[in-house]
Amino acid sequence: MKIGILSDSHFKSDYTKEVITLLKEKGCQYLVHAGDLCIEKNLQLLKESALPYVSVFGNNDRNLVSISHKYVIKQEPYYFKIKDITFKLMHMPYHLTPDANIVIFGHTHMFECEYKNNTLFLNPGEVCAREKPLIECVLLEINENEYIISHYFKDINKNNYEREEYKYERKI
């Protein structure tokens with residue numbers, strides 16, 4: 001199973017579209033957005049991807065509440081399940097407790113990846129390239145006995161994405 005994870009798009013819908021295209025090219029089957037979409041266009045891009053998706057409100061998403069009925073956008077922390085894997089999705093890193101198999105968060109604009117106490121903690125970094133000149137996202141591959149995290153990042157002045165890979169033995 002492959003899950004595309006992004007966060008902190010802010011007003012950069014062109015970058016959001018680019019990242020969704022990359023993740024789909026890499027075979028992702030689901031999309032997860034960890035908040036700060038900021039504009040409806042970013043929600044439209046998730047919906048138009050034709051993939052199952054979920055997102056949460058970030059601290060800059062108050063203006064999206066009135067249109068939230070048209071999209072899959074939830075209050076944080078939001079718990080959900082894909083197959084036999086439990087997820088906790090949030091924007092603000094306030095609930096970083098190991099009460100799901102995978103905890104996804106955003107807000108810091110920094111990529112983070114750690115596996116501890118049988119829980120994978122992931123922050124995909126920022127789509128918007130606000131804190132650094134990088135567009136970032138994560139492709140999470142879940143296999144029977146391992147997690148493979150591909151951190152994709154691209155300098156806004158370059159054409160190609162670079163990739164870092166992290167692997168963790170999945171304990172069941």
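Reader: What makes S10 and S11 a hairpin in this model?

Author: In this predicted model, 3 residues lie between S10 and S11, and the two strands form a hairpin. Strand S10 covers residues 134-142, and its pairing with S11 is antiparallel.

Reader: How do you know that S10 and S11 pair?

Author: Pairing needs at least two bridges. S10 and S11 have 9 bridges, so they count as paired. Within this pairing, Glu-141 stands opposite Ile-148 in S11.

Reader: Which strand is joined to S11 by 8 bridges?

Author: That is S12, residues 162-169, which runs antiparallel to S11. With 8 bridges against a requirement of at least two, S11 and S12 therefore pair. A hairpin of 6 residues joins them. Ile-148 stands opposite Lys-167 in S12.

Reader: Why is S11 called mostly covered?

Author: Of the 10 residues in S11, 146-155, 8 are buried. A residue counts as buried when its relative accessible area is under 20%.

Reader: Why is Cys-137 called buried?

Author: Its relative accessibility is 0%. The cut-off is under 20%, so Cys-137 is buried.

Reader: Is Cys-128 buried or exposed?

Author: Cys-128 has 5% relative accessibility. That is under 20%, so Cys-128 is buried.

Technical notes. Residues numbered from 1 in each chain as written. Predicted model: local features only at pLDDT ≥ 70, side-chain atom pairs only at ≥ 80, totals over all residues. Heavy atoms only, no water. Buried < 20%, exposed > 50% of the residue type's maximum accessible area, 1.4 Å probe, protein only. Helix = DSSP H or I, 4+ residues; strand = E, 2+ residues; numbered from the N terminus.
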